[in-house]
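Please view the sequence and the model together while reading.

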Amino acid sequence: MTPDPWERLPRDFYLQGTVEAARNLLGRYLVRQTPQGLLACRITETEAYCGPEDAACHSYQRKAPKGRTNVMYEAGGLAYVYLIYGMHCCFNVVTRPKGEPEAVLIRSAQPLLGLPQMAENRRMDPEKYKEQALLTGPGKLCQGLAITRELYGEPLWGETLWLTAGEPVPEDRVAATPRINVDYAGGAAGYPWRFVERDSRFLSVKYKG
């Protein structure tokens, strides 16, 4: 029997290793219920951030919750939404059991449902937008899906924001690269913890092989 791509991911999915979760989130559907209707996309690019030992992670060298990182210390399956550059939201999936502050950044996605509304959310002409430009970047993705800091801590199996089985990407179509814009992290900047669907047009930075 073929799995239903719209079936919500089980809660134990979020407790797996963060690097594995980042790879396994490729192809999954991210769904957002808004007052204007249902929006959905297929994840094409992720990055793993692996806790207090990872110099690129917000919980680096922290043993306890503090400020915006509080939700990272909860059991996996919650939304970690934060602001960068004072203007763009980024959406992360909290992973691992309670007390292990790790998460996966969703960097890019292919739009599936509600494209005109996504374009409107992005302040694009809903009749002239380019599909490829809607969600190709973490800030664009949040704007297009109307993901704001109001969703901080939201369970990802509820009725507002959730992840489904989607269409998992076969191993031979997955590529791993260093993460983007983490030069401050020293040696950790080179960790191959960014995962992309190698033949996708919907990436924040084109995969060059």
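Predicted model: local features only at pLDDT ≥ 70, side-chain atom pairs only at ≥ 80, totals over all residues.

Two strands are said to pair if DSSP finds at least two bridges between them.

Strand 2 and strand 8 run antiparallel and are joined by three bridges. Within strand 8, Val196 has Glu45 standing opposite. Strand 8 also pairs with strand 7, which covers residues 174–177, again in the antiparallel sense and over four bridges. Here Thr177 is the residue that stands opposite Arg194 of strand 8.

In a regular strand, side chains alternate between the two faces of the sheet. Are the faces of strand 8 covered or open? Both are covered: Arg194 and Val196 are buried on one side, and Phe195 and Glu197 are buried on the other.

The largest nonpolar core holds 38 residues, of which Leu30, Phe91, Leu145, Ile147 and Leu163 touch the most other members. Among the elements that give two or more residues to this core are helix 1 (18–24), strand 4 (88–95), helix 3 (138–144) and strand 6 (161–164). Strand 2 supplies the largest share, four residues.

Which residues does Phe91 touch? Leaving aside residues up to four places away in sequence, its contacts include Leu30, Ala79, Val104, Ile106, Cys142, Ile147 and Leu161.

Terms used: Residues numbered from 1 in each chain as written. Heavy atoms only, no water. Core = buried A, V, L, I, M, F, W, Y, C linked by side-chain atoms within 4.5 Å. Buried < 20%, exposed > 50% of the residue type's maximum accessible area, 1.4 Å probe, protein only. Contact = heavy atoms within 4.5 Å.
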